[in-house]
Amino acid sequence: MFGKVLVANRGEIAVRVIRTCRELGITSVAVFSDLDRDALHVRLADEAYSLGGQTAAESYLNTEAILGVIKQSGAEAVHPGYGFFSENADFARAINAEGVTFVGPPPEAIEVMGDKISSRLAAEKGGVAGVPGRSEVLTSGDEVIAFGEEFGWPVAIKAAYGGGGRGMRVVPSADQAASALESAQNEALKGFGRSECYVERYLTWPRHIEMQVIGDTQGNTVWLGERDCSCQRRHQKLIEESPAPNFPDEIRQAMGAAAVDVSKACGYYNAGTVEFLYQDGEFYFLEMNTRLQVEHPVTEFVTGLDLVEHQLRVAAGEPLPFTQDDIERRGHSIEARINAENPAKGRFLPSPGTITKFVRADGYATRTDAGYESGDTVSQYYDNLVAKLIVWGQDREHARRRLIRALEETEIEGIATTIPAHLAILEHPDFINGEHSTKWVEERLDLSQVEAPKAAPAPETEDGEAPLVERQVDVEVDGRRHRVRLWVPDVAPVVAAAGAVAQGGGGRPRPAAAAAAGAGGSAGAGQVAVPMQGTIVKVLVAQGDAVEAGQAVCVLEAMKMENNVNAEKAGTISEIRVKAGDTVSAGDIVAVIE
Ligand code: MV4
């Protein structure tokens with residue numbers, strides 16, 4: 001087993017991996033961006049190294065910086081978590097070239113599964129069918145029409161290098177084929193840098209059921225059970241569970257065997273997930289995720305296995321300590337993904353900010369995997385997942401009631417969370433009966449009664465505390481001089497311990513606009529305010545332009561989502577206060593309409 005493992009991630013998944021490292025006697029190495037200097041994963045790890053930077057690209061996706069920390073720390077392996085480098089074959093190869101183990105599959109398997117056409121072909125090679133479709137790149141709308149005439153409408157056009165529903169178009173009839181192909185190709189090119197698309201029959205009310213597998217480097221692969229992830233909105237999962245409700249065991253067995261066949265067809269080892277669409281008693285291969293997934297704890301609860309432990313063991317070359325016949329699944333587990341989003345009216349607006357209070361649920365078979373504690377800040381630059389609440393019960397109804405109890409016990413203040421939406425889902429008769437599908441949250445669930453939580457306090461500082469500033473101080477340790485960096489409250493003038501006089505300031509100036517209008521203030525008065533903290537991606541109007549009420553004035557990116565900021569009234573733009581690239585706080589005025 002490895003002596004030291006670097007965890008190339010942040011938040012709850014970094015915490016998750018660090019905990020298992022501790023249990024296995026492995027020294028854990030955390031890495032952190034400037035915003036995460038005091039994050040929970042940094043506090044829990046045995047060692048922590050700065051990557052610098054704020055955005056993901058500057059920090060957790062900075063290959064050079066991470067390679068530097070691997071060398072500096074002497075880590076023998078890297079656990080990538082999910083997201084970031086977890087499905088990046090070039091990164092896996094780069095660290096392998098340094099003699100360091102990537103805790104994941106072979107790079108070739110990442111590549112095969114990273115392209116949806118080649119993954120369809122690999123699954124076919126393993127004898128597993130995808131949704132009826134063509135495993136070829138589309139070159140014209142006529143090919144879409146020919147497919148629709150043969151297999152029936154609607155059809156789905158999908159991006160070969162896509163993900164999360166981006167670059168996917170549902171085509172209801174022949175007359176829309178050409179324009180749908182063009183717009184799918186454009187979106188794919190913009191989002192993924194590759195425009196290739198292919199076509200499949202479109203299933204209208206499928207369930208998303210995925211199968212957990214794990215394989216070792218000796219060629220043993222077992223399946224550990226399915227997860228139903230049909231509760232989604234905008235391709236973001238809200239609730240996952242295992243086993244899938246109303247799912248016959250003979251289908252489970254067949255799906256498990258199919259998932260193992262797909263894994264073997266691409267030479268897979270490590271934990272992995274094979275996704276299927278399930279409709280009318282049939283399942284179809286969708287894609288394979290070559291990493292540990294967010295929702296892995298529900299499988300851990302029903303199998304009693306620590307998936308991170310087994311990832312580390314197989315990465316170290318150990319054979320799996322169990323066979324398919326050894327795997328037992330007991331009871332039922334459900335997970336709620338608690339995101340920093342305001343679910344009021346079903347809108348799920350990002351809600352970054354400082355968590356002023358976080359009280360976790362406790363009790364029997366109740367697990368909270370969080371990346372934050374009270375006082376921590378959820379930054380707009382990263383994923384909006386705050387915590388996962390996972391429960392186990394002897395059956396689905398016990399698990400459902402336990403999760404409701406635990407969600408009600410969880411207290412998070414300072415930011416809005418998705419907890420009210422989870423409760424609405426868990427109490428709904430369709431969910432209770434297991435009758436939901438992938439489109440249920442968006443098309444059937446009524447969240448119009450969900451209220452906005454109490455307004456978040458100003459994000460910059462807690463209770464008038466001064467913001468932290470960097471100071472360099474020289475210290476001596478055993479007679480040896482070291483220059484250390486300190487992050488201290490910006491109160492002036494400060495005489496630091498080592499005698500250096502830090503040049504104080506009166507605290508960071510607040511943007512004038514933020515001071516002028518509170519969150520949500522001045523609506524309709526012609527001042528266009530942003531609803532949340534974020535970065536301006538694009539300004540869509542110019543001074544002097546006439547705008548309609550409801551017209552988009554600029555595009556705001558917050559927590560990986562783009563949102564239009566709209567004019568509240570018709571008129572003429574008299575002032576634009578932002579440009580692309582500016583960061584803004586909730587309530588900042590971006591434009592004025594007269
Ligand atoms: C589909 C589909 C229906 N038919 N493919 C959306 C994201 C991408 N990973 C696959 N997706 C879908 N592919 C065919 N042929 C419906 C979806 C889909 C979906 C799938 C899984 C979970 C949630 C979803 C929500 C909307 C659409």
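Axes here are lines fitted to C-alpha atoms, for helices over the stretch in contact, and angles run from 0 to 180 degrees between N-to-C directions. Helices (H or I, at least four residues) and strands (E, at least two) are DSSP runs, numbered from the N terminus.

What you see is a predicted model, where local features need pLDDT of at least 70, side-chain atom pairs count only at pLDDT 80 or more, and totals for chains, interfaces and linings use all residues. Residues are numbered from 1 along each chain as its sequence is written, and side-chain values use heavy atoms, with hydrogens and water left out.

I start with α5 and α6. Their axes are 5 Å apart and the packing angle is about 105°. That makes α5 roughly perpendicular to α6 (the range for this is 65 to 115 degrees; under 35 counts as roughly parallel, over 145 as roughly antiparallel, and the rest as oblique). From α5, the contact (heavy atoms within 4.5 Å) takes in E111, V112, M113 and G114, and from α6 it takes in K116, S118, S119 and A122. By class, three of these residues are nonpolar, three polar and two charged. Ala, Val, Leu, Ile, Met, Phe, Trp, Tyr, Cys and Pro count as nonpolar, Asp, Glu, Lys and Arg as charged, and the others, Gly among them, as polar.

Now α6 itself, residues 116-125. Which of its residues are buried? They are K116, I117, S119, R120, A122 and A123, where buried means under 20% relative accessible area, exposed over 50%, and partly exposed in between, with a 1.4 Å probe and protein chains only. The elements covering them include α5, β7 and α9. Just after α6, G127 has a positive phi of about 85°.

Next, α3 (residues 63-73) and α4 (residues 89-97). Their axes lie 11 Å apart, at an angle of about 30°, and the two helices are therefore roughly parallel. T63, I66, L67 and I70 of α3 meet F91, A94 and I95 of α4. Six of the contact residues are nonpolar, one is polar and none is charged.

Last, α10, residues 296-303. How many of its eight residues are buried? Seven are, so the helix is mostly covered. Among them are H296, P297 and E300. Just after α10, G304 takes a positive phi of about 75°.
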